[in-house]
Amino acid sequence: MEKDMLRIFKSTLETRLGELLNNRQQYISKLSVPLNGEGPMDEGDVASSHQDRELMHILQYRNSTIIRKIRSALLRMESGEFGTCHECSDPISLGRLRAQPTTILCLNCKRELELNSKTRAA
């Protein structure tokens, strides 16, 4: 892969990583606020507040997964493995990397994995 293209991917991933880490800090700050921080709450308010916190937990779990994938992609860049399929060792297409820069599989291997997963589920 060309160094300029690799630099673009690295910059994009680092920017996204920074955004996610910033969101994590905001999430932690929101969790430190007591449920009744806005004054007296009835049962509906408490239930809504619990639901909001549950949604924040789900989103934070998703973001943590993305953070791990981004860090892994950045490590692959450093080791020279970025853009190479972990399954077949073929290059991952530029289009696929643009759509999903954290991917570790080429399109053919990803399709094969999904096909096998569907077959096992049936």
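Helices here are DSSP runs of H or I of at least four residues, strands are runs of E of at least two, and both are numbered from the N terminus. The model you have open is predicted, with local features needing pLDDT of at least 70 and side-chain atom pairs counting only at pLDDT 80 or more, while totals for chains, interfaces and linings use all residues. Residues are numbered from 1 along each chain as its sequence is written, and side-chain values use heavy atoms, with hydrogens and water left out.

Side chains of opposite charge can pair when their charged atoms come close. Glu114 counts as partly exposed because its relative accessibility is 39%, and Lys110 is also placed in the partly exposed class, at 28%; buried means under 20% relative accessible area, exposed over 50%, and partly exposed in between, with a 1.4 Å probe and protein chains only.

Arg16 is partly exposed at 31% relative accessibility, and so is Glu19 at 39%.

While helix α1 is still on the screen, pick Lys10, which is found in this helix and is partly exposed, with a relative accessible area of 36%. Which residues does Lys10 touch, not counting those up to four places away in sequence? The residues are Leu74 and Met77, where contact means heavy atoms within 4.5 Å. Although Lys10 and Met77 are 67 residues apart in sequence, their C-alpha atoms are 7.7 Å apart in space.

For the next stop, select Leu55, Ile58 and Leu59, which form a nonpolar patch on the surface with about 270 Å² of accessible area together. Patches are made of residues with over 30% relative accessible area and no salt bridge, like charges being joined within 9 Å and nonpolar side chains (Val, Leu, Ile, Met, Phe, Trp, Tyr) within 5 Å. Accessible areas come from the Shrake-Rupley method with a 1.4 Å probe, and for residues only the protein chains shown count as cover. Leu59 has its place in helix α2 (residues 43-79) and is partly exposed, with a relative accessible area of 40%.

The last selection concerns aromatic rings. Rings of Phe, Tyr and Trp (its six-membered ring) pair if their centres lie within 6.5 Å, and planes under 30 degrees apart count as stacked, over 60 as edge-to-face and the rest as tilted; by this rule the count comes to one aromatic pair. Phe9 and Phe82 form this tilted pair, 5.5 Å centre to centre and with 55 degrees between the planes. Phe9 lies in helix α1 and Phe82 in the loop between α2 and α3 (94-99), so the pair ties together parts that are 73 residues apart in sequence. Phe9 counts as buried at 6% relative accessibility, and Phe82 is buried with a relative accessible area of 7%.

Methods: Salt bridge = Lys/Arg side-chain N within 4 Å of Asp/Glu carboxyl O.
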